[in-house]
Structures are given as C-alpha cells and as structure tokens.
Amino acid sequence: MAEEERRKSLLDALGAAAREQSDATVRHRDAVGARLGLGPAEEKALDLLRRLGPLTAGEIGQHAGLAPATVSGLIDRLEGKWLVRRVRDLRDRRRVIVEINHERLAGFAELSEPYAAALERVYAHYNDDELAVILDWVHRSTAAQREATRALAGE
C-alpha cells in the first residue's frame, strides 16, 4: 500500500507542478509580449514564425487555433508595427507568405536570454539519460494536451 500512496502523492505533486509551470509560462509570455507592445495572439504568432519560419495566414490560423478573419487583423497589426511583412510566394504568386522582419526584432532577443541561461543551469543538474526522460515526458504531455484541446474544440 505504501507504493500506491507514494505514486498517488507523486502524481498529485506532478499535476500541481505542471499547472504551476503552465502559469509561469503564460506569465513569462505575457511579460515578453508587454515589453514588445504585443497582445497574446500577436506574441504567439511571432513565436510561431520564429519557430516554424514563414507561414501563410491559413497556416498561422491553424497553428494558433484562430479564425481566418482574426488572423487577417492579427497580421495587419503586426505589419503595422513593422514586425512582419507579407511577401508573394515565389513558386505560386497567388499565395502570400508572412515572414518576420528580423531587422526590427534584432534587439528583442535579449528578452529571452535570462530565461535561456536559467534553463541551462537547470539542465546541468541532469545527466543525458535523465534529460532523455524529461524530453520524452514533454513530448508525450504536449501530445496529450493537443489531443484534449482538439476534443474540446470538437475537431
């Protein structure tokens, strides 16, 4: 029975810690967005473009879970702040691609540096096998959350 109680205690603590991490992530993203003068959707769109590269408006909407009309206004706002630009797809001139204006964002990378340095210090506490387990958990929990989100959205 002690093993079952320990597991339940660990799972409860893990659930609480995951919620705390989620809250911390949202607060950090909000703080970064505020420093850049961006709302949450704008910051999210820039993050998608940083991670995935240039995207169409439809792709941004798909990844961010936003309606097409919302994405158009979002891109308009980002373009108005000179943070992104719309360019014609060289292979299909009918398609418009949204890309980051890297020159405009060049000075903002420093906002992420303190957190990245703190994570490096955290990672240093783990050996490669432990990091592999953590990475596996992150991938699996992210997939579970995406699946739950799709179910909630009726997809």
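Select α3 (residues 57-64) and α4 (68-80). Their axes are 9 Å apart and meet at about 110°. These axes are lines fitted to C-alpha atoms, for helices over the stretch in contact, and angles run from 0 to 180 degrees between N-to-C directions. The two helices are therefore roughly perpendicular to each other. The angle classes are: under 35 degrees roughly parallel, over 145 roughly antiparallel, 65 to 115 roughly perpendicular, and the rest oblique. Now show the side that touches: A57, I60 and G61 of α3 against V71, L74 and I75 of α4. Contact means heavy atoms within 4.5 Å.

A word on the model before moving on. It is predicted, so local features need pLDDT of at least 70 and side-chain atom pairs count only at pLDDT 80 or more, while totals for chains, interfaces and linings use all residues. Residues are numbered from 1 along each chain as its sequence is written, and side-chain values use heavy atoms, with hydrogens and water left out. Helices (H or I, at least four residues) and strands (E, at least two) are DSSP runs, numbered from the N terminus.

Which residues join α2 to α3? A45, L48, L49 and L52 of α2 meet I60, H63 and A64 of α3. The axes of this pair come within 10 Å and cross at roughly 105°. So α2 and α3 are also roughly perpendicular to each other.

Stay on α2. Its 13 residues reach 18 Å from first C-alpha to last, close to the 18 Å expected at 1.5 Å a residue. The expected span is 1.5 Å times one less than the number of residues. Color E42, E43, A45, L46, D47, L48 and L49, which are buried. Buried means under 20% relative accessible area, exposed over 50%, and partly exposed in between (1.4 Å probe, protein chains only). Just past the helix, G53 has a positive phi of about 85°.

α1 and α2 have axes that come within 9 Å and cross at roughly 95°. R29, D30, V32 and G33 of α1 touch P40, E43, K44 and D47 of α2.

Now look for the core. The largest nonpolar core has 19 residues, and L46, L49, I60, L78 and V84 have the most contacts inside it. Such a core is a set of buried Ala, Val, Leu, Ile, Met, Phe, Trp, Tyr and Cys residues joined through side-chain atoms within 4.5 Å. Click L46: beyond its neighbours within four places in sequence, L46 contacts L38, L78, L83, V84, I100 and L105.

Go to N101, in the loop between β3 (96-100) and α5 (102-105). Is N101 buried or exposed? N101 is buried, at 11% relative accessible area. Leaving aside neighbours within four places in sequence, N101 contacts W82, L83, V84 and R85.

Follow that to W82, in the loop between α4 and β2 (84-88). W82 is exposed, at 61% relative accessibility. Its phi is positive, about 65°, although W82 is not a glycine.

Finish at α7 (residues 128-152). N127 caps its N-terminal end, with a side-chain oxygen 2.9 Å from the backbone nitrogen of D129. The 25 residues of α7 should span 36 Å, and its end C-alpha atoms are 36 Å apart, which agrees. After α7 comes G154, with a positive phi near 75°.

Technical notes: A polar contact is a pair of N or O atoms within 3.5 Å; within protein, one must be able to donate a hydrogen and the other to accept it, and residues adjacent in sequence count only if both atoms are side-chain atoms.
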